Amino acid sequence: MNNMLEHSRLRAVGDLGQQIWLDNLSRNLLASGQLAALIANDGVQGLTSNPAIFYQAIQHDPAYQAALPQLRTGLATPEARFEALVLPDVQRACDLFAPLYRESDGRAGFVSFEVSPRLSQDVGGTIAAAKRLWAAIARPNAMIKIPATPAGIAALEEVIYAGINVNMTLIFTASQIQAVRAAHRRGLARRLQDTSSVQRIASVASVFISRIDVAVDALLENSADGSAVALRGRAAMAAARIAYHEWKNDGGFAVFAAFGATPQWLLWASTATKHPDQRDVRYVEGLIGPDTINTVPDATLDAFRDHGEAARTLDADIEAERTTLAQLARHGIDLETVGQQLLAAGLLQFEQAFDKLLALVE
């Protein structure tokens with residue numbers, strides 16, 4: 001497909017008000033010029049990373065391997081070596097997105113870096129790590145990623161109060177979204193009470209999509225009721241569309257907006273299709289709407305560039321989506337329970353990836 005700007009399917013999504021971010025970061029992505037090309041040609045407006053992404057990058061990118069001997073000599077702990085290895089790349093990515101950050105008045109061009117997954121139950125440790133990483137990266141368009149555990153949500157209030165951009169990750173349930181939204185606003189409210197500025201403090205609520213469908217579909221397969229088959233692959237997008245509808249119709253942020261605060265956007269994560277029989281861009285095509293973000297891995301980005309269709313789809317028939325969730329409930333599917341199980345599994349996955357990547361730099 002022609003990659004000229006006027007023909008970019010990815011840019012067409014941007015025209016509908018949604019930001020496309022890349023869910024990947026490595027030194028080769030930067031050094032090769034690939035990230036710069038994605039920004040220039042496809043209008044990619046941000047980037048996310050996580051321990052699993054960095055594990056793959058450090059394991060396979062020779063540039064990291066070449067830098068390790070000196071780091072092993074100079075730094076005592078694997079975590080310090082890991083940060084010394086990758087934070088310069090986070091800074092370089094921030095610098096590539098800096099013009100977009102300035103042009104958008106601080107509403108696009110962010111790069112996310114995650115606190116240690118080992119802190120997921122540690123409020124004070126998360127707050128301290130967020131402040132330390134924010135100072136180390138020293139870029140206004142950095143975003144500190146915090147998992148949406150009870151401890152992480154408690155930390156969010158304090159980190160927003162400190163004026164730090166936050167990406168709340170591993171969100172699977174409506175109750176998590178509500179708690180994250182409330183903590184974000186408490187942090188902003190405290191800044192207003194102190195007569196501090198609430199401008200240019202960005203936050204996103206990263207809602208994981210495909211993992212919900214994988215878990216729900218596995219439960220539906222065990223149902224003796226034939227009507228369960230028709231519900232497969234529908235739970236995650238129904239829940240996401242309802243969440244977006246409620247976000248749009250929530251007037252509670254108006255008082256903060258009056259002081260120039262940026263709303264906490266919904267970000268769709270885990271949007272690679274997991275089922276081989278389903279369309280490979282379904283979680284991009286089905287979740288397009290203004291003032292949202294979709295962070296996608298390279299393969300999904302390439303697939304959408306090739307054959308994705310850009311249309312506003314988040315404003316679906318909300319009552320129909322509520323009916324879908326009601327039908328799932330009648331089949332014994334409790335999305336809150338499923339979401340809590342997925343949160344625990346996601347935390348374990350990131351902790352294991354973090355342990356493996358630290359082993360690479362020992």
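**Reading a predicted fold, feature by feature**

User: Gln56 is partly exposed, with a relative accessible area of 42%. What does partly exposed mean?

Analyst: Buried residues have under 20% relative accessible area, exposed ones over 50%, and partly exposed ones lie in between (1.4 Å probe, protein chains only). This is a predicted model in which local features need pLDDT of at least 70 and side-chain atom pairs count only at pLDDT 80 or more, while totals for chains, interfaces and linings use all residues. Residues are numbered from 1 along each chain as its sequence is written, and side-chain values use heavy atoms, with hydrogens and water left out. Gln56 itself belongs to helix 4 (residues 51–60); helices (H or I, at least four residues) and strands (E, at least two) are DSSP runs, numbered from the N terminus. Between the C-alpha atoms of Gln56 and Val214, which are 158 residues apart along the chain, the separation is 23 Å.

User: Which residue does UniProt list for "active site"?

Analyst: The unreviewed UniProt entry lists Lys145 under that heading. UniProt positions follow the numbering used here, feature names are shortened, and annotations may be inferred rather than shown by experiment. In the model, Lys145 sits in strand 4 (residues 142–147).

User: Is Lys145 buried or exposed, and with which residues is it in contact?

Analyst: Because its relative accessibility is 5%, Lys145 counts as buried. Contact means heavy atoms within 4.5 Å. Leaving aside neighbours within four places in sequence, the contacts of Lys145 include Thr48, Ser49, Asn50, Ser112, Phe113, Glu114, Asn167 and Thr169.

User: How is the span of helix 6 to be read?

Analyst: The expected span of a helix is 1.5 Å times one less than its number of residues. Helix 6 (residues 78–103) has 26 residues and reaches 38 Å from its first C-alpha to its last, close to the expected 38 Å.

User: Where in helix 6 does a kink lie?

Analyst: A bend is the angle between axes fitted to the seven residues ending at a position and the seven starting there. In helix 6, a kink of about 45° lies at Phe97, shortly before the proline Pro99.

User: At what angle do helix 6 and helix 16 pack?

Analyst: Axes are lines fitted to C-alpha atoms, for helices over the stretch in contact, and angles run from 0 to 180 degrees between N-to-C directions. Helix 6 and helix 16 (residues 335–360) pack at about 85°, with their axes 9 Å apart. Helix 6 is therefore roughly perpendicular to helix 16, a term for angles of 65 to 115 degrees. Pro78, Glu79 and Phe82 of helix 6 make the contact with Phe354, Leu357 and Leu358 of helix 16.

User: How many residues of helix 11 are buried?

Analyst: Helix 11 is mostly covered, with 10 of its 14 residues buried. Among them are Met237, Arg241, Tyr244 and Trp247.

Methods. Angles under 35 degrees count as roughly parallel, over 145 as roughly antiparallel, 65 to 115 as roughly perpendicular and the rest as oblique.
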